[in-house]
Amino acid sequence: MASAATTAAGPGRRLFATLLVANRGEVAVRVLHAARAAGLRTVAVYSDADAASPHVRLADTAVRLGPAPAAQSYLDIPALIEAARRTGADAVHPGYGFLSESAAFARACEDAGLTFVGPPSDVIALMGRKDAARSVAVRAGVPVLPAVVDGDRPGTGDGAQLAHDDPTRDGDLAQVHRAHDDDLARRALVEIGLPLLVKAAAGGGGKGMRVVRDAADLPAAIAAARREATAAFGDGALLVERYVEGGRHVEVQVLADTHGTVLHLFERDCSVQRRHQKVVEEAPAPTITAAVREELTAAAVRLAREVGYVGAGTVEFLVAGDDAYLLEMNTRLQVEHPVTEAVTGLDLVALQLAVARGDRLPLRQEDVAVTGHAIEARVYAEGPDFLPQAGTATTVRWPTTARTDTALEPGQEVGTWYDPLLAKIIAHGPTREAARAALVRALGHTAVLGVTTNTAFLRRLVASDDFRDTAIDTAWLDTHPGAFPAEADDVALVAGAVALADALTGAGRGPGATNGSGAAHPFGAGDGWRLGGPPAPVVLTLEHDGQVHEVRVGTHDVVVDGRTLTVRHLPAVSAKHASGVPTVSGIGAGHELRLEIDGLAHAVVVETGPGRVAVSRHGQTTVLTVPDRRGRGAESSSDGAVAAPMPGLVRDVAVEAGEHVETGALLGVLEAMKMETRLLAPHPGTVAEVLVAPGDQVTLGQALFTVRGHG
């Protein structure tokens, strides 16, 4: 990728030598690498939850900000400014998320004499709000959707926010707030009509966003979006606009310097989303015409010029056929910036640093060209229902055939304090189909054990005909919840049984078996010379997803539920992490097992533990357990128990013990990683138990409510 080192010097240069990265995870690692390449000294910051994280070790200096909650660490502006002062940093890169679009943070950096790697604070303040950005867009001749803008809410400050955040608190202010929200709903229905999109005026990332197709749902959507926006951005202001069915999300990357140059780096398609969170992005956009591309890129440049933009930014559009409407402008680096880097050959972070120094951009618009196609998949810590997950990563293998931006490594704990994004895998090819095939292969070679991820879902999605044919729009995944179900994996069952048999016997089971280090096990071959002849078969009872399998692992065969397969070990291949550090030897730490099953070769990653084995194949993790029959009689029915589907914070409790509820009635709201999940009654009945209160932190599977059915 082109480096900012080739930029031309200009007047008003702001030289800096030490860069503080005010972020965490993969984005912090990405920026730190670029800063080192630019010859800068680097400073990382961290919360207590991230004390042992890779970005902390990568930087030259690291400063503790505070406890795990973001409000007490990564969102603490005075602590970040003090960290810069203590370490001698003279520039700050905000990454994305957290304070990257905070005008207050940019202003604090400016006031402290620090170079903020991003646009000026007044530009962030203006364009960081969707309501204000609409006005700028209209002046610049950029089309916008019909919308109702949230007016000033009566009452401001901590007391007003407390009244809104605490649903149990009554008072005049809370009633005034409800009346204000009711008026917003009425205006939206009268002036725009259904369907509607409720979204936060501040911030982005899909937080504080709700689609409403039924007027009866609008008040609850406004309340939930306002709570979520307040939690994510500290600002509960909303915008309600027309929702366009079947639209595509297309965004234009812009780059501007302080010398009047404003460029576009073409566009990205980010239409593959679930719950308004991007899942897969690609460049260039595969469905738009040359005329629409010209319209979008020109409009993005006009908007950036109109506002006096400086640095890297993104102008997002909703495209429906040949019509395009402004969604918002993100005044920061985007998560999906690698696909633009892949097709243009430019290093966006290096160019950000150059612009922040006051250098002229080394490019003219005609110098920017697109080569090939790139697709990025976001690996999240989440389950099949898209709910965030937590755990400790025990085995982590990233593909060597594609770019991977990540900060996840073995032994790292993944909690629910922050966004669940673990990594981004980016494939580039001469055509879209070549890039798609490369990404399918890369996802198939990804293995993360110990934490549930969406890797297998991503692989099935990218491999699907629907994705190949660009049929997936922004609402598609939400309206097709079961589109890409998990596959039944007999190979994983056989591999898991062989791995458990090896672990139990301490020996390989067949000719050419290895001892986990790649060498042939001295007792792996049954040649009749040893007393007793060949090793005795290992008989296992394994359970997966409630289904029990009887497996016998012999020297040359494996019998699965009465079906005999010819199985032999193949020589093990030494696997390495992306960093080049070899994995810990031994199956227990994550080991590549290569088997030939009925003449077909398969490679999987296995990890054994007490009474269990986890197998990763094609990105899909299958966990097999040895059932404990002794505890079967002690199980009891939950009888309407509602458990936490993820670790998180109880945001709201909507019922009391003794209250009658119908199926689907709201019991409470759980928040994790700044996203809300509604907890609903499983059937009609009476609320027998309310086991939590607002503000409680709960664990995965913890009982929250019990609803007793009638009769």
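## Aromatic pairs

Rings of Phe, Tyr and Trp (its six-membered ring) are taken to pair if their centres lie within 6.5 Å; planes under 30 degrees apart count as stacked, over 60 as edge-to-face and the rest as tilted. By ring pairs, Phe 386, Phe 457, Trp 476 and Phe 484 are linked into a cluster. The model is a predicted one, in which local features need pLDDT of at least 70, side-chain atom pairs count only at pLDDT 80 or more, and totals for chains, interfaces and linings use all residues. Residues are numbered from 1 along each chain as its sequence is written, and side-chain values use heavy atoms, with hydrogens and water left out.

Across the whole structure, a search finds 7 aromatic pairs. One of them joins Tyr 74 and Tyr 418 in an edge-to-face arrangement, with 5.5 Å from centre to centre and 80° between the planes. Helices (H or I, at least four residues) and strands (E, at least two) are DSSP runs, numbered from the N terminus. Tyr 74 lies in the loop between strand S3 (61–66) and helix H3 (77–87), and Tyr 418 in the loop between strand S19 (413–414) and strand S20 (421–429), so this pair ties together parts that are 344 residues apart in sequence. Both Tyr 74 and Tyr 418 are buried, where buried means under 20% relative accessible area, exposed over 50% and partly exposed in between (1.4 Å probe, protein chains only).

The ring centres of Phe 386 and Phe 457 are 5.3 Å apart and their planes stand at 75°, so this pair is also edge-to-face. Distant parts of the chain are linked here: Phe 386 is in the loop between S15 and strand S16 (391–392), and Phe 457 is in helix H14 (residues 455–463), 71 residues apart. Phe 386 counts as buried at 13% relative accessibility, and Phe 457 is buried with a relative accessible area of 14%.

## Strand S12 and its partners

Strand S12 (residues 277–283) has 7 of its 7 residues buried, so it is largely enclosed by the rest of the structure. Two strands are said to pair if DSSP finds at least two bridges between them. Strand S11 (residues 262–274) pairs with S12 in the antiparallel sense over 4 bridges, and Asp 269 stands opposite Glu 282 in S12. The two strands S11 and S12 form a hairpin with 2 residues between them, and Arg 275 in the turn has a positive phi of about 50°.

S12 also pairs with strand S15 (residues 373–380), again antiparallel and over 4 bridges. In this pairing, Val 280 is opposite Ala 377 in S15.

## Asp 257

Asp 257 is found in the loop between strand S10 (248–256) and S11.

Leaving aside neighbours within four places in sequence, Asp 257 is in contact (heavy atoms within 4.5 Å) with residues including Tyr 309, Val 355 and Arg 360.
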